[in-house]
Amino acid sequence: MLSAAFLTLITTLASPFVLLISGQNNHDWERTTPQLEAILLASGQFEVTVSLTPPRGASTEAWDAWRPDFAAFDVVLLNYNGEMWPEPVKSDFEAYVSGGGKVLVQHAANNPFRGWAAFESMVGLLWRGAAAGYGAFIDSEGALVRVPPGEGRGAGHGKLHDWQIATRDAEHPIMRGLPPVWMHPHDELYHGQRGPAENMHILATAWSDPAHGGTGAHELMAWWIPFGKGKVLTLLPGHLWRGQEDDRALRCAGFQTLLHRSMEWLATGEVTSPVPQDFPAAEEVSVRPR
């Protein structure tokens, strides 16, 4: 019989199990999904299972056959922006998170599921019009400003360009040791996201420069929200259109570090990974090879 101490050691050393969901997206999920998987596998810390939904317009029978076992995984990574999930899957997902499950919402995965109240509460800010809920940004004094529904701009983004990401919670395990500001390359900078915007723990922001079509505000880029016993973290950097050859946003050492650390924290409650030597500087990007 295995001792309790040995079982504890096995549990401690076991790699967290990650369920990566994709299959529909207005972005290039066919390329981003394997890239996200590769980033996590390269760390040597995760076991990754990819689950693809049926394609857009699939039959009811195809959707009935897609029933992820969320409870078998430590973290769910969403790279999905498409049709509403069937009610049984939605129910399973809500039960998973409220029961202690962890989720990371990646870039356009905050776009779908309009009207799914539980999902919108989990994410807090989503790709929605100005009337759909509260907006939120950080002002010049570092305070959170909530924008009432119907006021200001709704969700959008300016031109692809390099922009700085600023740490807002330097004591959080994900952000601890990262530079106060670092440069991220050639990405969409989401602005004007809308939703319930409640219980948000803000980790990072970015200045949305009007010169590139932005809002002139410090927009939220990474935050997490408790939902029941679970946690949902939204990470907005990391964009790739179909046909877009320039994939530096996904190969950014800063983005990859943020993704890796976020997943580790969600899975274990801790971050053991050191800040890599190739982490970007305030005025200089750092892009890893393909």
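This report describes confidence, strand pairing and salt bridges in a predicted model.

## Basis and confidence

Residues are numbered from 1 along each chain as its sequence is written, and side-chain values use heavy atoms, with hydrogens and water left out. Because the model is predicted, local features need pLDDT of at least 70 and side-chain atom pairs count only at pLDDT 80 or more, whereas totals for chains, interfaces and linings use all residues.

The chain has a mean pLDDT (the predictor's confidence in each residue, from 0 to 100) of 95, with 96% of its residues at 70 or more. Over residues 1-12, however, pLDDT stays under 50. Where pLDDT is low, the predicted coordinates should not be read in detail.

Strands here are DSSP runs of E with at least two residues, and helices are runs of H or I with at least four, numbered from the N terminus.

Pairing requires at least two DSSP bridges between two strands; β1 pairs in the parallel sense with β2 (residues 47-52) over six bridges, and with β3 (residues 75-78), also in the parallel sense, over four bridges.

## Salt bridges

With a salt bridge defined as a side-chain nitrogen of Lys or Arg within 4 Å of a carboxyl oxygen of Asp or Glu, the count comes to nine. One of them joins arginine 31 to aspartate 28 at 2.7 Å, N to O, and aspartate 28 is buried at 7% relative accessible area.

How values were computed: Contact means heavy atoms within 4.5 Å. Buried means under 20% relative accessible area, exposed over 50%, partly exposed in between (1.4 Å probe, protein chains only).
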